[in-house]
Amino acid sequence: MKIKSILISAIVLLLASCVTSKKVNYMQEPDKKIPAYADTLTFEDYQLREGDRIYVYVYSLNEEIMKIYNAGGSNSSYMRGQQQYGNEYGSYELYSYLVDENGNIQFPTIGDVQVLGLTTREVKLKLEDELSKLLQATPGYQMISVEVNVVRRMYSIIGEQSGRYPITKEKMTIFEALAQAGDINEFGDRSQIKLIREKDGETIIKTFDVRSKDIINSEFYYIEPNDIIYIRKIKGQSFRINSAGTAVGVVAATISFGVFVYTIVNTGINHVNKYKTSK
């Protein structure tokens, strides 16, 4: 009876360890195990924070103005590539401005410019206004335009898969972020994703089930610069089986081994009983 109990327990354990599509598939309809999320989809333009770096490029028909504000006329498309793909301490920093502890950047000929809490569009309009006031008395002045981008916009993943990755577009979704990191592996718990975000000086932690179809309409859909995505290991499982076929094979092997052991033990007991009876 003990052997039978052990076999049954082993089979139950093996079946429970099997990775089913329910555990790993995305875009599933909400049910008892997969939560529904309210339609709270919002996307807010990123607001600059202390420690951010922004790349500023000034366009003008006046070449002298271009040289003054663009480090000798640095190529704009080249710098966009640097800000996104350059080394963390690469040349892009030479052409970017740090948001200091007072929320200012130090811009040539203007000095302190308050940018904390502003979007890149708001900074663009502010700089265009400031530069226009400063330069309109200059002989041969032409209208200017300013391009502003946040450099090295990154997010991090910790837990089962750790890494730091660039945000490569304005609206990057949680699925795009996970795909860039190589997706969640078979040991990652998709039902308990944690998103850690700094906002208005506070740390916000949100937990959600990324398998739910409702994610695309929820507040969890878009990520922001400096977000941390925590993917924990599935609780209580030290091993898993990747398919039903593998599970059947393992169960069959376990049963065969159990029967083999049971036969040997039972044969030994019978021999002992016969020996005692003969005496």
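Contact means heavy atoms within 4.5 Å.

**Figure 1. The whole protein in a predicted model.** The protein has 279 residues, and 36% of them count as buried. Seven helices and ten strands make up its list of helices and strands. Take the contacts with a separation of 6 or more: 66% of them come from residues 24 or more positions apart. The accessible surface is about 16300 Å². Carbon and sulfur atoms hold 56% of that surface.

Figure 2. Which residues line the largest cavity? Phe43, Glu44 and Tyr46 are among them. Arg153, Ile167, Lys169, Glu170 and Met172 also belong to the lining. So do Ile223, Glu224 and Pro225. By class, the lining has six nonpolar and five charged residues, with no polar ones.

Figure 3. Is Asp209 buried or exposed? Asp209 has a relative accessible area of 2%. Buried means under 20%, so Asp209 is buried.

**Figure 4. Close-up of the partners of Asp209.** The side chains of Asp209 and Arg211 are joined by a polar contact of 2.8 Å. Now set aside the neighbours within four places in sequence. Asp209 is then in contact with Lys33, Ile34, Pro35 and Tyr37, among others. Arg190, Ser191 and Ile215 are also in contact with Asp209.

Definitions and conventions: Residues numbered from 1 in each chain as written. Predicted model: local features only at pLDDT ≥ 70, side-chain atom pairs only at ≥ 80, totals over all residues. Heavy atoms only, no water. 1 Å grid on protein atoms, 1.4 Å probe; cavity = no way out; pocket = protein on both sides within 12 Å on 5 of 7 lines; lining within 4 Å. Nonpolar A, V, L, I, M, F, W, Y, C, P; charged D, E, K, R; others polar. Helix = DSSP H or I, 4+ residues; strand = E, 2+ residues; numbered from the N terminus. Buried < 20%, exposed > 50% of the residue type's maximum accessible area, 1.4 Å probe, protein only. Areas by Shrake-Rupley, 256 points an atom, 1.4 Å probe, with all protein chains shown as cover. Polar contact = N/O pair within 3.5 Å; in protein donor to acceptor, adjacent residues only side chain to side chain.
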